[in-house]
Amino acid sequence: MFSLRKNKYKSSQHNNINTPLLTEDDNDASVSSRVRELEIKSKRLTNHLFSGEYHSAFKGRGMAFKEVREYQPGDDVRFIEWNVSARMGHAYSKLFEEERELSVYLLIDTSASNLFGTNKQSKKDLITEISAAIAFSAVSNNDKISTILFSDRIEKYVPARKGRQHVLRIVRELLSFTPESGKTDLERALKFLTSTAKHKSIVFILSDFVADHYEQALGVAAKKHDVIGIQVYDRMDMQLPRIGLVELSDPETGENILFDSNDKYARLRYTKQFDEITSQAQRQFKKVGADLLQIETGQDFVGILQQFFIKRK
C-alpha cells in the first residue's frame, strides 16, 4: 500500500513555487573547511559547556588503585594502608582513580530521508554537528569513539580509537560519505552493533527513526549497553504549508504522489503519520529502559544535550 510516511515535499508542477528543499547546505563548501569549522565549534562546546557534564553523565567502570600518600585529615580510615603505615611508623592512605576509558559508539543513519530539511539545515547536517560534539567530548575525557554508518546495510564501520586525528577522520567521513543505499534497516544496524561491541559501551543512535521492526534488536542492545537515541526531525515532517497541489517524493523508494496541501483531511493524515513515528520511538525506547532525545532541525541542540547530561549525574 502506498504510504505518505516517508514522503518529503520535493517540488510542485502545479504551482510556481520552486523549493530546493532536498539539497544539502554544505554542497558548495569544501569538506576540509567544514571539518575545521566543526572542530572549532565542537571544541568550544566541549571546553566551556560539556566538559564536566559529559564526564559525570557517563561513569567509568570503577575505581583502580593509584598510589599511597601520608594520611591527611579527612581521609577515609577504611583506606589506610596498614602495611606501609607499620613500616613507616605513621599512617598512609591508599588513593584511587576512576577507571575511565569508556567506548562510545555513534550509530548513524545515512538513509535518504535524512537529507531533508527546511530550517537552516538538513537532518543530516544536524546529525553531523551532534556527532562531532559528542565525539570531541568523548576523546577529551579519554574515551574511545567508534562509528557505524548504516542505511539498509552497514555502509561503513570505523573501529574505536582515541585522539583528535581519529575524531577528525570521523567528521570527514560524516561530511563526505556517500551511502550505497538510501533505504533504512535499523534492526540490521543494531544487530551489527551487538555482535561487534563485546564490552559494555555508550551507544548514541542518531536517526529520524523512520524505520520498523527494530524493537527486539533495540532491547538486546539496551541490555548490554547504555543506549541513547537522538531522533532528529524537521518542522515539515510534522506539517506542510498550505500551498495547493504539490508533488511529494519518497526519497528512500523514489515513489511520487500528488498531494493537496489545502485539503484538511490530507493534512491531518500527514501529521498523524509523523506523530505515529515519534510515538513509536518513544514507546520502544521507554520499554527497553533507554533514553530518547528529540531534536528539530535549526534547534539549539547544545542546551538539550547539556540538560540531558546534567540529569544523568
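This report walks through a predicted model of one protein chain, from its overall make-up to single residues.

## Overall make-up

The protein chain has nine helices and 11 strands. It holds 313 residues, and buried residues make up 50% of them. Among contacts with a separation of 6 or more, 75% join residues 24 or more positions apart.

## Helices α5 and α6

Start with a pair of helices. Helix α5 spans residues 186–196, and helix α6 spans residues 215–224. Their axes lie 9 Å apart, and the two helices pack at an angle of about 30°. Angles under 35 degrees count as roughly parallel, and α5 and α6 are therefore roughly parallel to each other. Their crossing is left-handed.

Which residues of α5 and α6 make the contact? From α5 come E187, L190, K191, L193 and T194. From α6 come A217, L218, V220, A221 and K224. By class, this contact has six nonpolar residues, three charged ones and one polar one.

Helix α5 also has a buried side. L186, A189, L190 and L193 of α5 are buried. These residues cover an arc of only 100° around the axis, so they sit on the same side of α5. What covers them?

H166 lies in helix α4, residues 164–176. Is H166 buried or exposed? Its relative accessible area is 6%, so H166 is buried. Leaving out residues up to four places away in sequence, H166 touches I145, V158, P159, A160 and R161.

Y270 sits in helix α8, residues 264–287. Y270 is buried too, because its relative accessible area is 4%. Y270 and M236 are 34 residues apart in sequence. In space, their C-alpha atoms are 9.8 Å apart.

Now the loops. R242 is found in the loop between α7 (235–238) and β9 (245–249). R242 counts as exposed, because its relative accessibility is 58%. R242 still has contacts beyond its sequence neighbours: not counting residues up to four places away, it touches S261, N262 and R267. N262 is 20 residues from R242 along the chain, and the C-alpha atoms of the two are separated by 5.1 Å.

Most residues other than glycine have a negative phi. K120 has a positive phi, near 75°, and is not a glycine. F209 is not a glycine either, yet its phi is positive, about 55°. K120 lies in the loop between β4 and α3 (123–140). F209 is in the loop between β7 and α6. Where do the two stand on burial? K120 counts as exposed, at 71% relative accessibility. F209 counts as buried, at 0% relative accessibility.

The table gathers the relative accessibility of the single residues.

| Residue | Relative accessibility | State |
|---|---|---|
| H166 | 6% | buried |
| Y270 | 4% | buried |
| R242 | 58% | exposed |
| K120 | 71% | exposed |
| F209 | 0% | buried |

Note on methods: Residues numbered from 1 in each chain as written. Predicted model: local features only at pLDDT ≥ 70, side-chain atom pairs only at ≥ 80, totals over all residues. Heavy atoms only, no water. Axes fitted to C-alpha atoms, helices over the stretch in contact; angles between N-to-C directions. Helix = DSSP H or I, 4+ residues; strand = E, 2+ residues; numbered from the N terminus. Parallel < 35°, antiparallel > 145°, perpendicular 65-115°, else oblique. Left-handed = near helix turned anticlockwise from the far one by under 90°. Contact = heavy atoms within 4.5 Å. Nonpolar A, V, L, I, M, F, W, Y, C, P; charged D, E, K, R; others polar. Buried < 20%, exposed > 50% of the residue type's maximum accessible area, 1.4 Å probe, protein only. Arc of directions from axis to C-beta.
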